[in-house]
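Please keep the structure in view while reading.

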Amino acid sequence: MKLHDFINRWICKNSIVRIWIPFEEGHKLIIGPCMEWQILENENYNHFEVIGVTDIFCEEYREAINIVVKKII
């Protein structure tokens, strides 16, 4: 499912999100933390396919939703 479709369907309005990609032995942060509507406003971010949601621990904005994606070619 594309990132915009996933956010529209599953993420509540005004939620804080982080976007991650799989990287070596873990994940790499590529977007965020930011509000879900900031992702939806940017069409460039719709070139990602959602792999899943995970529980990556971060010191700031612990309540943020962590979404793991891969780039669609």
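A nonpolar core is here a set of buried Ala, Val, Leu, Ile, Met, Phe, Trp, Tyr and Cys residues that are joined through side-chain atoms within 4.5 Å, where buried means under 20% relative accessible area. The model is a predicted one. In it, the largest nonpolar core holds 13 residues, and Leu3, Ile19, Ile39, Ile67 and Val69 are those that touch the most other members.

**Core composition**

- The elements that contribute two or more residues to this core are α1, β1, β2 (26-35), β3 and β4, and the largest share, three residues, is supplied by α1.
- Ile39, one of the residues of this core that touch the most other members, is in contact with Leu3, His4, Ile7, Val17, Ile19, Ile31, Cys34 and Tyr45 when residues up to four places away in sequence are left out of the count.

**Overall fold**

- The chain is built from two helices and four strands, which follow one another along the sequence in the pattern α-β-β-α-β-β.
- The radius of gyration of the chain is 11 Å, close to the 11 Å that the globule rule gives for 73 residues, so the chain is as compact as a globular protein of that length.
- The C-alpha trace spans about 30 × 25 × 15 Å along its principal axes.
- Of the contacts in the chain with a separation of 6 or more, 51% are accounted for by residues 24 or more positions apart.

**Burial and surface**

- Among the 73 residues of the chain, 33% count as buried.

- In helix α1, which runs over residues 3-10, the buried residues are Leu3, His4, Phe6 and Ile7; because they cover an arc of only 165° around the axis, they lie on the same side of α1.
- The face turned away from this buried side carries Asn8 and Arg9, both of which are exposed.
- The buried residues of α1 pack against β1 (16-23), α2 (36-41), β3 (48-54) and β4 (65-71).

**His4 within α1**

- His4 is found in helix α1 and counts as buried because its relative accessibility is 6%, which is to be read against the cut-off of under 20%.
- Leaving aside residues up to four places away in sequence, His4 touches Ile39, Leu40, Asn42, Glu43, Tyr45 and Asn46.

Definitions and conventions. Residues are numbered from 1 along each chain as its sequence is written. This is a predicted model: local features need pLDDT of at least 70, side-chain atom pairs count only at pLDDT 80 or more; totals for chains, interfaces and linings use all residues. Side-chain values use heavy atoms; hydrogens and water are left out. Buried means under 20% relative accessible area, exposed over 50%, partly exposed in between (1.4 Å probe, protein chains only). The arc is that of the directions from the helix axis to the C-beta atoms. Contact means heavy atoms within 4.5 Å. The radius of gyration is taken over C-alpha atoms; the globule rule is 2.2 Å times the number of residues to the power 0.38.
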